[in-house]
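I opened my notebook to look through this model one piece at a time. Come along and follow the entries against the structure.

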Amino acid sequence: MRTVFLPCAAAALFLLGRVTASGDAGQEPVLQVRIVNFNFETVRVTWSPSRYSGTNLTFVYKLSSDEASRPCCNYIVHEGHTAGCLLEARKDEILCFSLGNGTDILFRKCEWISAYLKPSSPEDLNFRWHEDAVTVTCSDLPYKRLLYEIQYKSVFDTEWQSKEGETCNVTIQALDSEKCYFFRARVKTLESSYGSDTYPSDWSKVTHQQRGELRDSCQEKRLFPKFILICGMIALLTVSLLLLSLWKVRRLHKCLMPSVPDPKLTFPGLFELHRGNFQEWIKDTQNVSHVAKTEATEQECVPEETLVVQLQKAEAEMPIVTTGPLCPATEGEEASGDASPVACQPPQGGEVVSLGGFTFVMTDNSYMLL
Amino acid sequence: MVFFRKIFILQLVGLVLTYNFTDCDFGKIRKKYQEVIYQALNKYMNGVKSTEFNNYIYCEDPPDCLAKIDLITFYPTHGCTTLAKEIFAIRTNATLTLQCPGYSGTQINNTQAKKKRKKRQVTTNKCREQVSHLMELWRRFSRIS
């Protein structure tokens with residue numbers, strides 16, 4: 001049995017010797033180096049060009065299965081200078097590489113390439129529906145300790161839901177087969193087997209499934225604007241109805257409670273100069289002699305619309321106001337014989353008002369406020 | 001110095017070669033690793049990533065990985081002599097004893113371990129490097145078993 005293990009032991013010793021010579025264990029990295037292992041097929045090593053910008057760094061590497069180190073033959077060039085190397089991988093093994101500037105070695109590192117694995121994304125997803133569950137399957141990748149993550153959502157969901165399995169055979173329960181579902185898948189690595197520096201695979205293409213059948217799409221885009229359009233129309237209709245009812249209410253309010261004219265505007269000076277004493281105001285403005293008599297009567301003059309009569313000062317001395325049948329002459333008036341010759345004449349198409357020698361005919365919807 | 005180190009490692013390799021690990025139940029060992037040993041290794045590293053060190057110890061198949069894990073865990077190396085007393089080592093020893101028929105395990109002299117413990121502060125970085133190798137070997141073992 002010893003003979004079986006001797007080559008391994010010798011290999012371990014050789015590798016230990018290599019590192020002792022390089023003396024770089026635990027050494028701070030001089031460059032920022034990023035490694036991505038694409039599905040154990042291609043390894044991309046890139047280095048930060050900022051510190052050594054303007055210099056062409058050389059990359060030399062050796063995989064565990066190689067007999068000797070070799071220079072990079074597929075450089076990634078950035079702005080005319082080397083910024084990375086693409087190398088072919090064959091299996092899960094250790095990559096030792098060094099970065100140099102001429103004869104100076106700037107950086108040296110040995111790593112398992114699995115520590116930077118980015119698996120390829122799952123292809124050809126298959127769906128097997130059984131009542132309210134679906135089993136999603138695909139081809140397993142040719143290496144172990146992976147997690148196959150299936151995400152799904154219906155057209156009514158905003159967030160994806162996840163289910164994981166160690167093989168690409170994941171069953172999702174409690175689905176409604178009538179609904180249209182989106183499905184996508186990716187592959188992740190188990191941290192206990194690959195470490196925490198790996199990358200998940202890209203997502204597979206989204207697949208649409210409804211009633212156990214493949215769909216081109218879930219009509220999410222068509223359904224959504226229709227819904228918005230209906231909502232918008234309902235909102236518009238509601239606003240229109242509200243405005244209409246408001247307008248109706250205003251009109252009703254106007255009918256029930258008509259606006260009362262402000263006497264301040266009709267009788268300038270009545271409130272400002274005479275504190276609302278109409279007698280004083282009328283004396284001051286018109287010097288009407290028979291107003292007192294008119295006041296004595298308890299006739300009601302129902303205003304329909306205000307006719308504003310305002311005399312010039314010069315005319316104010318002249319009597320006189322005579323009203324038509326709206327304010328008939330009192331008994332006292334008749335007795336005194338002061339009545340104007342035109343008083344209580346029958347109206348011709350309206351009532352007659354005499355004022356300072358002028359005669360006015362008022363229509364039905366006019367009145368005079370005194 | 002390098003010469004003596006190589007001699008020392010050769011001696012350790014010779015010790016390990018007394019058991020070949022081919023009859024172990026790799027599935028159960030992997031399960032135990034994922035359940036208990038992995039956490040203990042992480043705790044020992046205390047947030048330091050294994051990729052911060054150079055990892056150059058390759059193992060080809062599960063028996064080879066277990067042989068190298070056994071070597072690094074239980075046999076002291078220059079600059080790190082106390083790993084065998086750590087929790088992950090105790091769990092490793094228990095797992096291998098249970099799942100590998102004929103594996104006798106490793107007896108650690110407690111008095112010797114206590115004496116060495118004083119030097120632990122100085123050798124921490126070297127021990128962490130050793131444990132980073134162990135982590136990578138265990139990961140490799142779990143990927144291929």
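This is a predicted model: local features need pLDDT of at least 70, side-chain atom pairs count only at pLDDT 80 or more; totals for chains, interfaces and linings use all residues.

**Chain A at a glance**

I started with chain A, which has eight helices and 22 strands. Helices (H or I, at least four residues) and strands (E, at least two) are DSSP runs, numbered from the N terminus. Residues are numbered from 1 along each chain as its sequence is written, and chains are lettered from A and ligands numbered from 1 in the order in which they are written.

Next I checked burial. Of the 370 residues of chain A, 19% count as buried. The cut-offs use C-beta atoms placed from the backbone: a residue is buried with 20 or more other C-beta atoms within 10 Å of its own, exposed with 12 or fewer, and partly exposed in between. I also looked at contacts, meaning two residues whose C-beta atoms, placed from the backbone, lie within 7 Å. Among the contacts in chain A with a separation of 6 or more, 61% come from residues 24 or more positions apart.

**The four-stranded sheet**

I then traced an open sheet of chain A, with four strands in the order β4-β3-β7-β8 and antiparallel pairing. Two strands count as paired if DSSP finds at least two bridges between them. Strands β4 (70-71) and β8 (104-112) of chain A are at the edges with a single partner strand each, so one side of each has no neighbour in the sheet.

Inside the sheet, β3 (residues 58-63) and β7 (residues 94-101) of chain A pair in the antiparallel sense over six bridges. Reading across, I found A:F59 opposite A:L99 in β7(A), and A:Y61 has A:F97 as its bridge partner in β7(A). I followed A:F97 onward to β8(A), where its bridge partner is A:K109. β7(A) and β8(A) are paired in the antiparallel sense over eight bridges. Their hairpin has two residues between the strands, and A:G102 takes a positive phi near 70 degrees there.

I looked at β5 (residues 75-78) and β6 (residues 81-88) of chain A, which run antiparallel and are joined by four bridges. A:Y75 stands opposite A:C85 in β6(A). These strands form a hairpin with two residues between them, and A:E79 in the turn has a positive phi of about 50 degrees.

Further along, I noted an open sheet of three strands in chain A, ordered β10-β11-β14 with antiparallel pairing. Its edge strands are β10 (126-130) and β14 (169-172) of chain A, each pairing on one side only. Five bridges join β10(A) to β11 (residues 133-137) of chain A, and the two run antiparallel. A:H130 has A:A133 as its bridge partner in β11(A).

**A stop at A:T207**

Is A:T207 buried or partly exposed? I counted 17 C-beta neighbours inside 10 Å, so A:T207 is partly exposed. A:T207 belongs to strand β16 (residues 207-210) of chain A. Leaving aside neighbours within four places in sequence, A:T207 contacts A:L125, A:F183 and A:L214. A:F183 is 24 residues away along the chain, yet the C-alpha atoms of A:T207 and A:F183 are separated by 5.1 Å.

**Helices of chain B and the cores**

Where they meet, α2(B) brings residues including B:V36 and B:L41, and α4(B) brings residues including B:F88 and B:R91.

Last, I looked for nonpolar cores, which are sets of buried Ala, Val, Leu, Ile, Met, Phe, Trp, Tyr and Cys residues joined through C-beta atoms within 7 Å. The largest has 52 residues, and those with the most contacts inside it include A:I94, B:L66 and B:W138. Apart from it lies another core of 13 residues, among them A:C138 and A:Y148.
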